[in-house]
Amino acid sequence: MTITTLKPETAAQVTDAVRWALSAGEPLEILGSGSRRGLGRPVQAGHALDLSALSGVIAYEPEELVLTALAGTRMDLIRSMLAERGQHLAFEPPEGGTLGGLVASGLAGPRRISAGSARDHTLGIAGVSGRAEAYKGGGKVVKNVTGYDVPKLMAGSFGTLTALTEITVKVLPAPEDSATLLLFGLDDRAAVAVLDRALRSPYEVSGAAHLPAVIAARSGVSAVAGAGGAATLVRLEGFGPSVAARVTMLREELRADAVLGRDESLAVWREVRDGAGLGEGTDAQLWKLSVPPSAGPSTVEAIRRTLDVEAFYDWGGGLVWLTARPDSGTAIRAALSAGGHATLVRAPEPVRAATDVFQPLPEPLMALSRRVKESFDPKGILNPGRMYAGL
Amino acid sequence: MKMPVPDSGVIARRREIVEALRAIVPGEGVIVDENELRAYECDGLTAYRQLPMVAVLPSTVEQVSQVLKTCKAMGVKVVPRGAGTSLSGGALPLADGVLLGMGKFKRILDIDYANRCVTVQPGVTNLGISNAVAHEGFYYAPDPSSQIACTIGGNIAENSGGVHCLKYGLTTNNVLGLEMVLMDGTILRLGGKHLDAGGYDLMGIVTGSEGLLGVVTEVTVRILKKPATARAVLLGFPSSEQGGDCVAAIIAAGIIPGGMEMMDRPAIHAAEAFVHAGYPLDVEALLIVELDGPAAEVDHLIDRVEAIARDKGACYARVSTSEEERLAFWAGRKAAFPAVGRISPDYYCMDGTIPRKALPLVLQRMQEMSDRCGLRVANVFHAGDGNLHPLILYDANKPGELEAAEEFGNDILRLCVEVGGVLTGEHGVGVEKRDLMTDQFDEADLQQQQRLKCAFDPDGLLNPGKVFPTLHRCAELGRLHVHQGELRFPDIPRF
Ligand SMILES: Cc1cc2nc3c(=O)[nH]c(=O)nc-3n(C[C@H](O)[C@H](O)[C@H](O)COP(=O)(O)OP(=O)(O)OC[C@H]3O[C@@H](n4cnc5c(N)ncnc54)[C@H](O)[C@@H]3O)c2cc1C
Ligand SMILES: Cc1cc2nc3c(=O)[nH]c(=O)nc-3n(C[C@H](O)[C@H](O)[C@H](O)COP(=O)(O)OP(=O)(O)OC[C@H]3O[C@@H](n4cnc5c(N)ncnc54)[C@H](O)[C@@H]3O)c2cc1C
């Protein structure tokens, strides 16, 4: 339903565009590269604000561990720039998209358990609020407690508070080496117990996932697909000699069946990160559940009582990716008795328009969230409805 | 530094307010006696003192909720307080305000190894959490030097850090869940035992909000397994510049140490005279680099760090060979503040962050300022993350020295901002750096932050006078000027 797309080339033009939208009472849908427009609630806006022309790295200083770039900068560019200096974004974001889209979506990969998510690495922002005011928050150094930590609030706000124009992120050395211990044939509960043991060890585990048999069979990594059953994965990363020593000790302690070397280890964790193996292209809904790690299997068991689902576990059991037939939201959310939340990540537009894509909030929290939204965007100009209906 | 003028109308209603509080927290939980109130008249920033109108020490969440709701109804300001170790005056009481002491919230509620987290009440000390899980080999990573005394509630409010933070993050990176009470009495839960709380990251905003957004009544933090080994290297350099270069080179080599601390000559001498740590006295800069992890990794990295240091001109290098020796290396650094206290009647501890590459310039400019105002300065700092702690030596008994020290401190912080850094790396803004906020933020930045405050506390009753140099009314901040058709943005490409 988009009528026009505005494509500012400078931060000042972003302010102009938002000022116009505000005065005309016309909401805007904010786009990075628009690569994942099919996710989340459909935005109720007649105009798009495309930020992809706000592109370029402003400062990158490897020794300071910070990078500042315009929000529309493509992640591929940032990735390769960091890789040249042996660095990366430690929270393991998915490929593609823009820096702004990444931060606004608040993403993280399997390394979430040790390195945190986008919020933990977003140090500073500049942007334009729904009041058409340009402002900044945070700073450009790794340690800062001056004023409120506005950059954290931006992470995972899906463009509903501010059109981000510039972002400073913390970057870290990329690990020299990676290896993955494999255990075969465990059921979900036994697997999560093993992951728990691994995470309780002092060996700095940086990935802990479990793929039940059907999912494991779809892996592109032969040792995983060929296991003939479920595969439980424990990743160790770091300096070569350290990884070697930890693999030996933890393999013994967990009685692991096999070890994946660097390339296969990288490949299998890319699959875990992207939720691969959960039938892309089918009409099944894709859900992402965040629960206390030990409650992963019981949550899935509870869902299975009413729904036919395929699921796998990351974050030591704390992140459950699952696919289900349509109209699954109510049953999935009813199963979250141990706490946590469920997000609908992929579904056809009519479903996304009719379902709560994000976990509904208890009323006092919703009321506060509404006031927070109003403090940035009192007229609901930016991405209205993206996160919650009426917000 | 001026605090908001106390509201005489509120002070005149003191008896009525005390009665209302007594109805909520019975017996000794409400303090009105002047001598007893003295215990709360200042926090770690002792230069500013003020007796609160009344202090209240609730022991349940319901009481906290009732106290806040009642204060809101009566238009009374509230200052939350943990252990009172804040170095920026965050817990400084108000003459027309209630001091809300959280000291009775001392219970550890749940230790959950399977989910690697601990849930505690906010009055539990930082070290208390680590101690509670030590027998299972776990610990809570953020480790402010005040950890034996400061509370986790205060840590949340200040987003406290310590030596470990370079590698393991600040408070904000280690909190999973919070229960908090808003000024209107609403009790909220954010997050829990799962990662990524969902919805807006309100936990991220509350952490480091210096007691201005809500009162924290319960905290769930991540715990980590203790690293298998830790070893430290002591490195001496003929100049601070070379020390700084070495820090940059270690990081550029992909090494993130468990701790990386630097001291300048005056700090080294004071510390050595105090604890006899065995520091070399003929160096200009001393670097302590600690590596932790599996033994194989630590051995490998110690060698690499030594090689880098040699390359960067280190004239002294010693690797700890035993746990006693490692602790001795740290003993000097950890005692640096009291050690400096022995060589000067008073000292003023500053806290700013700079991009590390600006270190030589900042040290040189600081020396010039020191020469100009005639006050000495000793430097200890978290070298890995550029967080400086200049200690300004002065004598409060000499007329004008306190003011000179404060002025010197302000100049240092302005310099931090000028070189691309920030006003505070870990101690917070409080009342101390409040009036410098305009050096780092412009009016629009500060107004947006204050609008956030309005979303939590529309009447501005929670800890006012801290953090923000100007108090705005929420109604005024909320105004929005829109002119129909004002701009047609002719320059912006359209499709
Ligand atoms: C509800 C939802 C859940 C998602 N979950 C996952 C997931 O689990 N795994 C995964 O791999 N990907 C997920 N994504 C996709 C994620 O958005 C992409 O990986 C990547 O961030 C897309 O980048 P982009 O630049 O193409 O963003 P877009 O698709 O253009 O935008 C993504 C979101 O960010 C906002 N946005 C973009 N740029 C800015 C900016 N400069 N300022 C403010 N807001 C901005 C948009 O309005 C939109 O809400 C999710 C997206 C949504 C909407
Ligand atoms: C010797 C010394 C060394 C120090 N070293 C460090 C260090 O290495 N790193 C570091 O970061 N800091 C350090 N500090 C500063 C201080 O210890 C920390 O800021 C600490 O977090 C304060 O905790 P507290 O319980 O004493 O809080 P208080 O001083 O009582 O209060 C601090 C702030 O928190 C608010 N607050 C307290 N409890 C709550 C609650 N439950 N809910 C809402 N708001 C609340 C108060 O209103 C106030 O704004 C040091 C202090 C000293 C004296």
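Modeller: A polar contact is a pair of N or O atoms within 3.5 Å; within protein, one must be able to donate a hydrogen and the other to accept it, and residues adjacent in sequence count only if both atoms are side-chain atoms. Across the interface of chain B and chain A, this rule finds 30 residue pairs in polar contact, both residues being at pLDDT 80 or more. This is a predicted model, in which local features need pLDDT of at least 70 and side-chain atom pairs count only at pLDDT 80 or more, while totals for chains, interfaces and linings use all residues. Residues are numbered from 1 along each chain as its sequence is written, chains are lettered from A and ligands numbered from 1 in the order in which they are written, and side-chain values use heavy atoms, with hydrogens and water left out.

Biologist: Which helix of chain B gives the largest share of the side that touches chain A?

Modeller: Helix 17 of chain B (residues 443-456) does, with 9 residues. Helices are DSSP runs of H or I with at least four residues, and strands are runs of E with at least two, numbered from the N terminus.

Biologist: How many salt bridges are counted between chain B and chain A?

Modeller: A salt bridge is a side-chain nitrogen of Lys or Arg within 4 Å of a carboxyl oxygen of Asp or Glu. The count here is 10. One of the salt bridges joins A:Lys143 and B:Glu426, whose closest N and O atoms are 2.8 Å apart.

Biologist: Where does B:Glu426 stand in relation to ligand 2?

Modeller: A polar side-chain atom of B:Glu426 lies 3.3 Å from a nitrogen atom of ligand 2. For B:Thr85, a polar side-chain atom is 2.6 Å from an oxygen atom of the ligand, whereas B:Ser145 places a backbone N or O atom 2.9 Å from an oxygen atom of ligand 2.

Biologist: Which element gives the largest share of the shell around ligand 2?

Modeller: Helix 6 of chain B supplies 5 residues, the largest share.
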